[in-house]
Amino acid sequence: MAAETEGKPTLLHLDNSQSQTILWLLEELEIPYDIKFFERGKSGANKGRAPESLKETHPLGKSPQLITASGRVIVERSAISAYLIDTYDSAGKFKVSGADDAHDLVRENELVGFAEASFYAMAMPALLLHFLGVYAPLVVRPLTWAVSTMLRKGMLDKEFDSQLKYMNNILEGQEFFMSDGNPTRVDFVMIYFVQTLYNNKVIDIAPYANVKAWFERCFARPAWKRSIEKGNGFSRGV
């Protein structure tokens, strides 16, 4: 357990990481909070990696980490989002309505699971293939691009199409995945994966009009813009 944080949560925030979506949620909640900045390595073997100092509060040394007012350290975005919404969203702006099976807690957990398991399971090999082409030596780069493109089209693109159609259908007639007014935990978890793939040109969301509109709607929110201003750098493109 970390030290108590004087009645407000503290976000341990790493540049260019999933922590940006927690910073967005904190801004949406409009609560007092502290933020401690960490930066990725700039060169050598640790280039792009989180600093060892993040292991002082959690053995995995990843971000985001949230230190609660009582000093408890919470990791993983879905858990942090659930804690912040349950603890600080007294007005219920970001909670599911529970009006029916499509808007209850079971459905929310189902869609968070879809984002973190099914969709992310496709995202990781797709990004690895993408980075294979980006970082290959110049002399072999055309070949690696050709191979990675062939593998992606043969193994991943059809599944991405199925998943994006699924997401597009869920968003039909509503602004967010489980609400027509404000984002819920599903949106705070999902946006990072979609943005990372889209910004790296691994997927194209243009054919999925509802997904594209949702994507733009999230980033147009004043709280998202404030989170970018308060962060220490965020760009999910290579």
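Modeller: Lys 212 counts as partly exposed, at 28% relative accessibility (buried is under 20%, exposed over 50%, partly exposed in between; 1.4 Å probe, protein chains only). Heads up: this is a predicted model, where local features need pLDDT of at least 70 and side-chain atom pairs 80 or more, while totals for chains, interfaces and linings use all residues. Residues are numbered from 1 along each chain as its sequence is written, and side-chain values use heavy atoms, without hydrogens and water.

Colleague: Which residue forms a salt bridge with Lys 212?

Modeller: We want a Lys or Arg side-chain nitrogen within 4 Å of an Asp or Glu carboxyl oxygen. Here the closest N and O atoms are 2.6 Å apart, and both residues lie in helix α7, 4 residues apart, about one turn (helices are DSSP runs of H or I, at least four residues, numbered from the N terminus). The partner, partly exposed at 43%, is Glu 216.

Colleague: How many salt bridges does a search of the whole structure find?

Modeller: Another is Asp 161 with Lys 165, at 3.1 Å. There's also a network linking Glu 27, Arg 226 and Lys 230. Over the whole structure, the search finds 10.

Conventions:
Helix = DSSP H or I, 4+ residues; strand = E, 2+ residues; numbered from the N terminus.
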